[in-house]
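Q: Please take a close look at the surroundings of the ligand. Which residues and elements make up the shell, and which polar side chains lie beside the ligand?

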Amino acid sequence: MTTLAHDEINLSDLGFWSLPRRERQAAFAALRAREHPAFFPELKLPFIKNGAGYYALVRHADVVGASRNPEVFSSEPCSNSIADLPPYLAKYFGSMINMDDPRHAKIRRIVSRAFTPRVLAKLETDLQTTATQIVDDLRQTGPGDFVTQVAARLPVQVICDMMGIPAAVRPMVYNRTNIILGIGDPEYSGGHRFAEHGITRSSVLYGLAQGLSAGYELNHLAMKLARRRRRDPGDDLVSALVTANIDGESLTDQEIGSFFILLVAAGNETTRNAMAHGLHLLTRNPDQRALLLDDFEARIPGTVEEIVRMATPVIQFRRTLTRDHEMNGHEYKAGDKVLLFYNSANRDEAVFDNPDTFDITRSPNPHVGFGGPGPHFCLGANLARREITVMFRELFTRVPDLRSTGRPDRLYSNFINGIKHLPCTF
Ligand code: HEM
């Protein structure tokens, strides 16, 4: 393994994100050891209004401190992109994740009831039926790719059921959310891999066009479902969005469309990766696997948390300083950007003993894989936990020899720690 020297670490260099996992982890360990957060100039992208750069918050205390202080560390104008989204993209991707309270809280409240453990308990039978079907199919088809045969199927089905999205358009939804969160990866976006071909005007233009067209199509679907639900409301989330009344006001079409896109993308692109990382972690750590199978019901909650810590399916989100502020000994200026690197916080040796060890009995496990404590803490955390639990219970009961074989085929991204394919056997 080569270890990057301090001055060689550049988180803005897209090539960094295709380095082997251990090299990236060593780089983050070196960044955590610095007295102050490192500042990285932003990658200059044609057609995009770039800022000067950002501080990388890599320690657990900094990620938690910024998350719980949203008045100073704001999610506006943008938390899901390092550069501010141009208006034509913000229209589709600028939902509540990019808003501060009170507007954020009001919008979140419209759907939050659907994600409480009590309401989710009612989904359990549906989850179980889908998981059973997936394992039936796996046993019939035989070993192959764990991601496409198993991990990808449950999350898309569940979120589409919750949204009332008809079966016929679900493959389109899956494909378009893959494009949105895999814009630099040729398999998902069809474009050139930025790291190999460099940032060119044509590769950026192509990526923007892909993102825009995926956003347009999902928005179009949202508008169609919204029209239907206005006439004939049901108990799905699109009905909740169209009938919502916030201080006498309804959501605008743009708010409905971007909320719809946020929910389908977040519901789809995260839990899938947690499951794939989970199988790989359990395969590489046979002692932990044996421990889990020895008492599945008692140990699955700890296993899920440890998978989310080790995998950290969402690598980072951004915050922007609303005023000058000192945190953990560093002075930030109004307008500074910071990136909250959850992957690094989750391996912070100041908080986790042996952070690189997969330990399903770890307790406490204050990971920030679902975000730090604060208003934007993952809305779908309970849903994701249920999905992983039900899927793994079904798999390890009926296909107990299931294992990954070979290396995961990783998504090329500085945002989603994705696995596109994972060979498996049983
Ligand atoms: C293992 C799976 C998942 C991981 C690792 C994950 C991770 C995260 C993270 C890190 C955030 C924090 C964003 C921030 O602080 O700015 C977040 C927010 C969010 N997540 Fe998840 N997520 C997962 C599953 C889901 C699922 C299944 C849904 C279902 C719809 C979902 C919906 C959301 C939404 C809507 C937000 C924005 C909340 C807000 O702005 O108030 N997530 N997620």
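A: The residues of the shell around the ligand divide into 17 nonpolar, 8 polar and 2 charged; here Ala, Val, Leu, Ile, Met, Phe, Trp, Tyr, Cys and Pro count as nonpolar, Asp, Glu, Lys and Arg as charged, and the others, Gly among them, as polar. The model is predicted, so local features need pLDDT of at least 70 and side-chain atom pairs count only at pLDDT 80 or more, whereas totals for chains, interfaces and linings use all residues. Residues are numbered from 1 along each chain as its sequence is written, and side-chain values use heavy atoms, with hydrogens and water left out.

In total, 27 residues surround the ligand, a residue being near a molecule if one of its heavy atoms lies within 4 Å of it. The closest are His104, Arg108, Arg319, His376 and Cys378.

Several of these residues make polar contacts, that is, pairs of N or O atoms within 3.5 Å. The side chain of Arg108 has an N or O atom 2.7 Å from an oxygen atom of the ligand. For Arg319, a side-chain N or O atom is likewise 2.7 Å from a ligand oxygen. In His376, a polar side-chain atom lies 2.6 Å from an oxygen atom of the ligand.

At least two residues of the shell come from each of α4 (103-112), α14 (253-268), α15 (271-284) and β4 (316-321). Helices (H or I, at least four residues) and strands (E, at least two) are DSSP runs, numbered from the N terminus. The element that gives the most is α14, with 4 residues.

Terms used: Polar contact = N/O pair within 3.5 Å; in protein donor to acceptor, adjacent residues only side chain to side chain.
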